[in-house]
Amino acid sequence: MLGYPAISINCMLRVNPHSWPRIRSALRLILCLAARFLVLACLAPHLASAQQTRPPSGKGGIADLEAKTQTRKGEVTTANGAVDIHYGETRLRADHVEYNNRTNEAVATGHVLLDHNNEHLEADEAHYNISTSHGLFRNVRGTVKIERQPNPAILITENPLYFEAREVERFPGDVYLVHRAWITICDPSRPKWQFYAPHARIRLNKTAALVNANFRLFRVPLVWFPYATVPAGNKIRETGFLMPDIGQSSRKGFILGDAFYFAPTPWLDATLGAQYMSRRGALERGEFRAKPFENTSIRYTYLGVDDRGLVNPDGTRSPQGGEQQRLEIQSLLPHGWRFVTDYNQLSSLTFRLAFADTFGEAVNSEVRSAFFLTNNFSGFSLNVAALDDKSFLTLPVAATLTTPAIPATSIALRNAPEVRFGSVERSPWSNAPVYFGFDAFAGAVSRDDPIIQTPEFVARYEFAPRVTVPLHFGPWLGVTTSAAFRTTRYGDSLDATGAVIPNSITRNTGEFTVDLRPPVLERFFDRTSLEKDKSRRRYKHTIEPSVTYRYVTGVNNFADFIRFDSDATLTDTNEIQYGFTQRLFLKDDDGQPRELVSWSIFQKHYFDPTFVGDHKRNAELILGAHLAEVDAAVFHCQTAAATVVTDLHYLILQSLVGEVVADTGGEAEPFTRFAAVTDERANLVGKRLLK
C-alpha cells in the first residue's frame, strides 16, 4: 500500500462528495457479479432444452437451462442459440457456452448478460475455471443500483452506477485485477463526470486500490491520483493517511502538510492534520465526528496557526496567528424535546482575515453561539436558550512614532438564560373567526461595547397577548385584522447622558395591524423537451399584491431603553405598506413544485412626517430578491428627505449583517451601529438607532 492505505479518499470526496460511496461499492460488485455468471455458465455438463441439472461446483441448488441446441464432443459440452440459465435470483444469458468437464474450464461468448437483484452486467467474452477460481472477462459493462443506509453525507440519487472495463481477471482468494475501468452515475452516452483507472486491484470485503487514476469532468482530466486505496467491504471507512498537501502561495510560501484519518468504529471518526508554511509558520487543524445514537450527532472542528508574520518594509513582523473552534451537538430527546448546541470561538478578526479558507468566511465579522432546548406541544412552544453574539467592529492599529496603538473594538450581546413561551392562534368558538394567542419571555441580557457596558445580568420580562380576526370576502379577497397588548420591563435603563443606571423601566404598548390580500395573478408556461428521454417541465409565474397597515402607540420613553436586540427598538408608528411579490415555480413530470426565484417591490408611507427626529420621512421604497432559498439584498430608499439609507441583509447560514450610513447635507445624523440576536434565525443584526 506504499504507506498510504487511505491515500486519496479525502481528495476524491472534495471533487465529488456525494457519489464516491457508490463508486467504491460498485468496484467490488463489478468483479463479484462477473464471477457469478461464469460459474453459472458452467453448471451442467449435459445441456438440453428446458432441462434441470445439478451445478458441478457442488454448492447445491438447481439450475434451469434453456437453449436452442446442445452438443457434446468428448469432454466438451456446447450450448448454442439463446442460452438462458436461471439459478436462484440470478439469470445468465449468452449466445454460446462451452464447458470442459476435465479441466473445469468454461467459455461464454456473444451478448453475455447477467441480472442479479438490481444489478445488470454485459460482456463480450468470459473464461472461468471453476476448480481454481481463476477467470478472465473482456469488455465488461454494467449498471448497479446501490442501496445503503441513509447517510446525510451521501447524496441519494435514482441514477444507477454505470461502469466499463476492458478486462477483469480474477484470482483465488477473491482478488481481482481490473484493467481500463470507467465509472460514472451519469448518462453513459454523455457522462458529465467519470473516474478512469488503467489498473485497479480489488480484494472483496477488504480494499480496492487504484493505480494512476484520474477524475474527469466532461472527459477532461482534472485530478490525478498516482495511487489510492478505498475500503471495498462492509466497513466503508478505513484508518490511514490522506493525500499530502503540497503547494505554493504568495502569502504563505511553500506549503507541505498531511493529515491522518482515524475511524475506530462505524459511528466515530477523527482527522488530525498539520501544515508547514515557509513564510508564516505552522498550521494545525482537526475534526471529530460522532453519532453515538440514532438521533444524536456531535461534531467538533479546530483551526490554529502559530504565525511568525510577514516581513514589513521596516524589517519588523506582524503576527496574525490565532485559533478558531466550533462545537455542534444535535439531539432529538424523548417526548418531543430537541437540544442543539452551536458554540463558536474566534481569537481575533485579524486571524480570520488572514487564514480563512473561503471568501464568505473571511468577510464575516460575527461570531455566534447558541444553546437551546425546545419543545412544541398542543399548539404551544417552550424554548430555553442561551445566546451569545460578538461582532468585530474595527481591526487593531499598530503604534507609530507619533500615534499610540489602537486596540480592536467589538460589541458583545448575550441573552442567557432566557425562557420563551408562546402559542399559536386558537379559537374558543367553532362558529366565530376570532383567534387568541400570546408570546412571553423572561431572562437576563447584557451588552458590552465601547459606548455601553451593562451588568452581567439585566433582568427583562415581556408578555404580549393578541387577538386575530381573519375575514374572507368571497374567494378573491382576504382581510386579517390583529390587535396586541405588549407589556415589557427592563431591570436597568439609560439616563439623559446615555449612562447605564440601575433603575427599572416599564413599557406598555398597543399594536393594531390590518393585512389586505387582493387576488393573486398567475400564469402557467409549458416547456416540452425535444429529446424523448427528457422530462416535461411546467413553470408557474405569480404576482401577489398586499397592503398592510400598522399602528403602534405607547412608546413614550424610547431613549431610556438599552438597545439589546429588536425587542428594545419598538417605536410608535403609523404607517402603511403596499406592493407586490413575484414568484416563479418549476414542476417536473413527477416532482413537486419548487420555487426558483422571487422578487418583491414594496413602498411604505408614514403618516407622521417627523417619524425620525426633525427630518421628514414620508415614504420608503423597499426592493428585495430571493434566489435558491437565500435572500440576496434589501434596499431602503427614503424620499422627501436628503437621507438615503442602504441596508444589506445577507441571510446566508442564518447570518444577517447590517450597516447604516447617513448623510443629511453636511450634518451627520447621530447613529449607533450594533449587532443583535433575536430568535433562532437571528433575523436582526443591524439597526438604525438614535443616541
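1. S410 is a residue of strand β26, which spans residues 409-423; strands here are DSSP runs of E with at least two residues, helices are runs of H or I with at least four residues, and both are numbered from the N terminus. The model is a predicted one, in which local features need pLDDT of at least 70 and side-chain atom pairs count only at pLDDT 80 or more, while totals for chains, interfaces and linings use all residues. Residues are numbered from 1 along each chain as its sequence is written, and side-chain values use heavy atoms, with hydrogens and water left out.

2. S410 counts as partly exposed because its relative accessibility is 23%, where buried means under 20% relative accessible area, exposed means over 50%, and partly exposed lies in between (1.4 Å probe, protein chains only). Leaving aside residues up to four places away in sequence, S410 touches K390, S391, F392, L393, D448, D449 and P450, a contact being heavy atoms within 4.5 Å. The C-alpha atoms of S410 and P450 are separated by 7.6 Å, although the two residues are 40 apart along the chain.

3. Strand β26 also holds P417, and the peptide bond leading from A416 to P417 is cis, with omega near -10 degrees. The side chains of R414 and E456 meet in a salt bridge with an N to O distance of 3.1 Å; the term stands for a side-chain nitrogen of Lys or Arg within 4 Å of a carboxyl oxygen of Asp or Glu. Because R414 lies in strand β26 and E456 in the loop between β27 (435-448) and β28 (458-472), this pair ties together parts that are 42 residues apart in sequence.

4. Side chains of opposite charge can pair when their charged atoms come close. The count of salt bridges comes to 28, and E418, R420, R460, D565 and D567 are linked in a network of them. E122 and R141 form another pair, at 3.7 Å from N to O, which links distant parts of the chain, with E122 in strand β7 (residues 119-129) and R141 in strand β8 (residues 134-144), 19 residues apart. Both ends are partly exposed, E122 at 29% relative accessibility and R141 with a relative accessible area of 24%.

5. R285 forms a salt bridge with D357, the closest N and O atoms being 3.7 Å apart. This pair, too, links distant parts of the chain, since R285 is in strand β18 (residues 281-293) and D357 is in the loop between α3 (349-355) and α4 (359-362), 72 residues apart. R285 is partly exposed, with a relative accessible area of 35%, whereas D357 counts as exposed at 53%.

6. Patches consist of residues with over 30% relative accessible area and no salt bridge, like charges being joined within 9 Å and nonpolar side chains (Val, Leu, Ile, Met, Phe, Trp, Tyr) within 5 Å. F218 is found in the loop between β12 and β13 and is exposed, with a relative accessible area of 55%.

7. Backbone geometry deserves a look in this region. F218 has a positive phi of about 50 degrees although it is not a glycine, and N212, also not a glycine, has a positive phi of about 60 degrees. N212 is placed in strand β12 and counts as partly exposed at 37% relative accessibility. Not counting residues up to four places away in sequence, L217 touches K192, W193 and L222.

8. A patch of positive charge on the surface gathers R251, R279, R308 and R317; Lys and Arg count as positive and Asp and Glu as negative, with His and the chain ends not counted. R317 is found in strand β21 (residues 317-318) and is partly exposed at 43%.

9. As for the whole, the protein chain has four helices and 38 strands, and buried residues make up 38% of its 691 residues. The chain exposes about 37100 Å², of which carbon and sulfur atoms supply 58%, areas coming from the Shrake-Rupley method with a 1.4 Å probe.

Methods: The place of a charge is taken as NZ of Lys, CZ of Arg, CG of Asp or CD of Glu.
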